[in-house]
Amino acid sequence: YQTTRHIFRYEALAPAAAKGKAEPLVRWRPLAPIARREEAQVEVSPFVGRELDLGELVRLFERSRTSPSTELVTIVAEPGIGKSRLVREFRRHLDAVPDLVTWRLGRCLPYGDEISLRPLGEIVKAHAGMLDTDDQAILSAKLDAVLSEPDTTLRAWMKDRVGPLVGLSVEAAPPEQEEAFTAWRRFLEGIARSGPTVLVVEDLHWADPALVAFLEHFLDHSAGLQILVVATARPEVEERHPTWLARAHHATVVSLTGLPDRAMAALLESSLPDTSPELRETVVARAGGSPLYAEQLAAMLRDHRTPAGGESLDEAAIPATIQALLDARMDALPADARAVLVDASVVGRTFWSQAVAALGDREVADAEALLAELAGRNLVRRVLPSTMAGASEFRFVHALVRDVAYAKLPRTARARRHAAAGGWLETAAPDRGQDLARHYA
């Protein structure tokens, strides 16, 4: 009960006598979930300097919940400044809300038009409990189970338009855009009818115009439901999708700048407690307000087991940028761990131990052991539950980590590994046609 009381609502039961126990045992019965745990998150640094920004997200959530209304907040910042961390802290706050809050997330990827609607498909898959290894029959049954339309004709119409988002083959001809948008909106509204709902779209600056057009349709036409849409983006979103930040109705922009020196100092004092004040001042100057820089530098020092006081690391040894810092960390990895990290970058921001094993002709157990080591070094995280049956899923802690690892591969080596990744997907998840097309292209 003590371990899970923040995840389930309990009722207290009368104490019960138990054999071998002098005193009656206190008992509770779990009644309902009040939080969702999907990704194993172990933060290595404290959350500082963003309390007002977190408060703004909470305020908008409460407005959507009490109005009820559809609210939009877009978090805009340069990479490494703290967009993802702010979203994770917001999710932790929602775990303490008395009611169950539905949380659905989709990620935009920088891989091209062939996966333009993937974030929406990820939301549908997560809501239906679909795995990437599910065959057509299982996908069909799982989608049937979450379609909320009572009319059978309308349910079939919805299935023909939502199914392709998750790789389900349908006989109906592709619908016109307005018709597809209506079906997708009805599906998301069906999710929100069960209670407060947060829909997260990460990295909107990489989104295809078709996805942005649908999101704008959804925001303009959904009303009377408890929905908060959270989008994260780099500043270039203003250039790529100029109408997005210009929205005025129930829309808020949270612009994150670098952490102030005082917050960075507090972060470093916690992350680098054994280093000298002079070294911490140097890091504050180099970091430019980036908590990711401070976090990764602390990990680099732990990797090298720098003595107390930081005497073995002089100013010249501190990389000038986050990319240079990540590059130095990877160069210092053991060769087998570095090779696994590079192979993982080919698969994508999210990857699986079996795929990494296939790319490097390794045993799966060896790949998982090396990935566990990389997780301990704060370069990747394990994701729970996995989207592939029988496969351990991981994710790079930040898009920059994946980008730096991928850049270490020459183009000819990339081609061979992408072909290998496509071959693995054809066997493990043949319905992931968009990913297959990306790897083979």
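**Notebook: aromatic pairs, a surface patch and a loop glycine**

For my cut-offs, buried is under 20% relative accessible area, exposed is over 50%, and partly exposed is in between, with a 1.4 Å probe and protein chains only. I note that this is a predicted model, where local features need pLDDT of at least 70, side-chain atom pairs count only at pLDDT 80 or more, and totals for chains, interfaces and linings use all residues. Residues are numbered from 1 along each chain as its sequence is written, and side-chain values use heavy atoms, with hydrogens and water left out.

**Entry: aromatic pairs**

I counted 11 aromatic pairs in the structure. Here rings of Phe, Tyr and Trp (its six-membered ring) pair if their centres lie within 6.5 Å; planes under 30 degrees apart are stacked, over 60 edge-to-face, and the rest tilted.

I opened F181 and F214, which make an edge-to-face pair with 5.4 Å between centres and 65 degrees between planes. F181 belongs to helix 6 (residues 177-192) and F214 to helix 7 (residues 209-221), so this pair ties together parts 33 residues apart in sequence. Helices are DSSP runs of H or I with at least four residues, strands are runs of E with at least two, and both are numbered from the N terminus. I checked burial as well: F181 is buried at 5% relative accessibility, and F214 is buried at 0%.

Next came F351 and F394, whose ring centres are 6.0 Å apart with planes at 15 degrees, so I log the pair as stacked. It links distant parts of the chain, with F351 in strand 8 (residues 350-352) and F394 in strand 10, 43 residues apart. F394 is buried too, with a relative accessible area of 1%.

Which residues form one aromatic cluster? I found F181, W184, F214 and F218 in it.

**Entry: a charge over a ring**

I saw R402 over the face of Y406, 4.5 Å from the ring centre. The test asks for NZ of Lys or CZ of Arg within 6 Å of the ring centre and within 35 degrees of the ring normal.

Is V26 buried or exposed? I have it as exposed, with a relative accessible area of 56%, and it lies in strand 2 (residues 25-33).

I then went to G390, in the loop between strand 9 (380-383) and strand 10 (393-396). G390 counts as exposed at 73% relative accessibility. Its C-alpha atom is separated by 9.2 Å from that of T133, 257 residues apart along the chain.
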